[in-house]
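Visitor: I keep hearing about salt bridges, and I'd like to learn how to read them. Could you walk me through some?

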Amino acid sequence: MLKNFWYACEFSWAITKQPKQVLMFNQRFVMYRNSQGQVVALDDQCPHRGAAFSLGWIEKDCLRCPYHGWKFQADGQCIEIPSNAPGTPIPKKARVNHYPVQEKYGFIWLFYGELPEAQRPPLPIFPEYMVYSMRPVYDDGIDHANYARLMEANLDFTHVIAVHKKSFGQRIPIDKTIKYQVDKYDWGAVAQVNYESLNNSKSFLNFLLGGRPELTTKLTLYLPNVTLAEISVGRGGKFDIKFGILVAHLPIDENKTRVKRVLYRNILPIPWLDGFFRKIDHQLAQEDTVVVSSLSSQSMPKISEEIHVAADALDITFRQFLQKHQTGFSPSIQESKLRV
């Protein structure tokens, strides 16, 4: 896992005035909205007997434990113990960690680390043309694979000809050395590959686009857990077909990841077709997962431990970021450091 980053961890619409559990790093978090609509995030574990707050309820913007009814403020401090008489001092240890949160692009972002506010990295900036003009559909599921390995697959330009061979990969013209420039910035990287044309393109598509369609794929890494694939099929005209595949990867543990996907499209932006596009996107994602879950090592190997070619440049960049920032999954080491 990477510390001191903002994690896209839940869709905004999924957080309501009812407590909801979010799992990351072998830890339980609880989120809810207060009466002003603001999101509150705490450890989902009462310090009294360890019950999950997410089974409790909200009372005057505070959280009640479902076991003994202890009442906690949004800052994690216990302010009432029903079994104690009024005026009885609250034990100093009767508090839990709370976490900074932000909302943007339809996601809840949780800051996991100990940096003061002024030193925290910014939230990523997604392409405006995509988030404000294209039709989104959402998907949410659990993959039995390592989150970084899944991200690496989403940052790979050439796996499509094998992993997706039966769905669409056979039409991708990869028959030469794939080289491209990787542009790095403080919190991620981006690269783009342009293909001359799509093999076996349909005649109607040729007519609509004014010739054999070209394929452009732009892949972006947003640390710590988001990838974006921008795909354009066409010839640079107004009829080009565009997709954006935005994926937030929540590392539950070393071998399990909650995957939250948003598929943006400019083609047939009709609500009743959302289910059709969601199903296609889900099927393509599972083609990746089947292969990634079979990797001999779910933990990300060091760069020197595997063979690489020119087409792996963006993946290598991702691994460099991991080696620079990565820490272990053990929550016990971090608990004393993460109060904010």
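Visitor: How many salt bridges are there here?

Guide: Start with the general idea: side chains of opposite charge can pair when their charged atoms come close. In this predicted model, the count comes to 16 salt bridges.

Visitor: Okay, show me one. Which residue does lysine 260 pair with?

Guide: Its partner is glutamate 10, and the closest N and O atoms are 2.9 Å apart. Lysine 260 sits in strand 17 (residues 256–265) and glutamate 10 in strand 1 (residues 5–11), so this pair ties together parts that are 250 residues apart in sequence.

Visitor: What about aspartate 274: which arginine is 2.7 Å from it, going by the closest N and O atoms?

Guide: That's arginine 135, which forms a salt bridge with aspartate 274. This pair also links distant parts of the chain: aspartate 274 belongs to helix 5 (residues 274–292) and arginine 135 to strand 11 (residues 135–143), 139 residues apart. Aspartate 274 counts as buried at 10% relative accessibility, while arginine 135, at 26%, counts as partly exposed.

Visitor: And what does aspartate 274 form with arginine 265?

Guide: A salt bridge again, with the closest N and O atoms 3.0 Å apart. Both aspartate 274 and arginine 265 are buried.

Visitor: Which residues do shared partners join into one network?

Guide: Glu10, Lys20, Asp140, Arg258 and Lys260.

Key:
Residues numbered from 1 in each chain as written. Predicted model: local features only at pLDDT ≥ 70, side-chain atom pairs only at ≥ 80, totals over all residues. Heavy atoms only, no water. Salt bridge = Lys/Arg side-chain N within 4 Å of Asp/Glu carboxyl O. Helix = DSSP H or I, 4+ residues; strand = E, 2+ residues; numbered from the N terminus. Buried < 20%, exposed > 50% of the residue type's maximum accessible area, 1.4 Å probe, protein only.
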